[in-house]
Amino acid sequence: MLILSNSSQNIKRAALLLKQGKLVAFPTETVYGVGAIYNSNKAYKALNKLKRRTPNKPYTLMLGDINDIKKFAKLNKKITAFIKKILPGSVTLILPAKLGMPKYLSKDGYIGIRVPDHKIALSLLKLSGPLLVPSLNRSNEEPLSDIKLIKKEFEGELDAVINAKIKKDKPSTVILISDKIKVIREGKIPSKKLIEVYNKL
């Protein structure tokens, strides 16, 4: 496992590894995430193995630019305006998926998308392209943020980790948007605040 500093050169190196189908952990504004390039079956299987996760549970798609959301989800004017108000940020949106999305991204016609508000994560995503990004932990265990613990737990499964201090925080708030907002998980940003923004549009 490579332990990389968060220099621009190492972020480029991490992005190249991701494009090659490798797994790379990196900081976000909430917890450490582990990224896999979204359109590689090999990377997807490696991610499932690392997470010890059943294949039928879809992953969140993490993007580096809110303008890329329309490539994966069906948007109307209100949802587009809402996205511009709240993202980038600690919110995962469950949106109507475009046709043809792989099963590990879309479930019941919906897709989970997040654009983080974190300099390192955004720099990496803009170089790597869209990533599958769950939190860095085994399923049903607490996310890890200590580099020594990460190395001990994931040596041989994780290819690299970008070493940076993170302010360990609540995970992203998860909301599903159809004709109205449905709260799936409370997180860093209060869902009440998000609903107020949406209803004012």
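These legends walk through several close-up views of one predicted model.

Local features here need pLDDT of at least 70 and side-chain atom pairs count only at pLDDT 80 or more, while totals for chains, interfaces and linings use all residues. Residues are numbered from 1 along each chain as its sequence is written, and side-chain values use heavy atoms, with hydrogens and water left out.

View 1. Helices (H or I, at least four residues) and strands (E, at least two) are DSSP runs, numbered from the N terminus. Buried residues make up 49% of the 201; buried means under 20% relative accessible area, exposed over 50%, and partly exposed in between (1.4 Å probe, protein chains only).

**View 2. Strand β3 and its partners.** Six of the six residues of β3 are buried, so the strand is largely enclosed by the rest of the structure. Tyr32, Val34 and Ala36 point one way, and Gly33, Gly35 and Ile37 the other. β2 runs antiparallel to β3, joined by four bridges, and a hairpin connects the two through four residues. (Two strands pair if DSSP finds at least two bridges between them.) Look for Val24 opposite Gly35. Two bridges join β3 to β8, again antiparallel, with Ala36 standing opposite Leu132.

**View 3. Helix α4 and what covers it.** The helix spans residues 119-128, and its buried residues are Ile120, Ala121, Leu122, Leu124, Leu125 and Ser128. Their cover includes α1, β2, β3, β4, β8 and β9; contact means heavy atoms within 4.5 Å. Just after α4, Gly129 takes a positive phi of about 90 degrees.

**View 4. Arg53, buried with no salt bridge.** Arg53 sits in the loop between α2 and β4. The nearest side chain of opposite charge, Asp108, is 13 Å away. For charges, Lys and Arg count as positive and Asp and Glu as negative, while His and the chain ends are not counted. A salt bridge is a side-chain nitrogen of Lys or Arg within 4 Å of a carboxyl oxygen of Asp or Glu. What the Arg53 side chain does reach is the backbone oxygen of Pro58, at 2.9 Å. Leaving aside residues up to four places away in sequence, Arg53 touches Asn48, Pro58, Tyr59, Pro134 and Ser139.

**View 5. The salt bridge between Arg114 and Glu29.** The closest N and O atoms are 3.1 Å apart. This pair links distant parts of the chain: Arg114 is in strand β7 and Glu29 in the loop between β2 and β3, 85 residues apart. Arg114 is buried at a relative accessible area of 5%, and Glu29 is buried too, at 10%.

**View 6. A salt-bridge network of Arg138, Glu153 and Glu157.** Glu157 and Arg138 bring their closest N and O atoms to 2.8 Å. Glu157 lies in the loop between α5 and β9 and Arg138 in the loop between β8 and α5, so the pair ties together parts that are 19 residues apart in sequence. Arg138 is buried at 3% relative accessible area, whereas Glu157 is partly exposed at 25%.

**View 7. The hairpin of β10 and β11.** Strands β10 (residues 173-177) and β11 (residues 181-185) pair in the antiparallel sense over four bridges.

Note on methods: A polar contact is a pair of N or O atoms within 3.5 Å; within protein, one must be able to donate a hydrogen and the other to accept it, and residues adjacent in sequence count only if both atoms are side-chain atoms.
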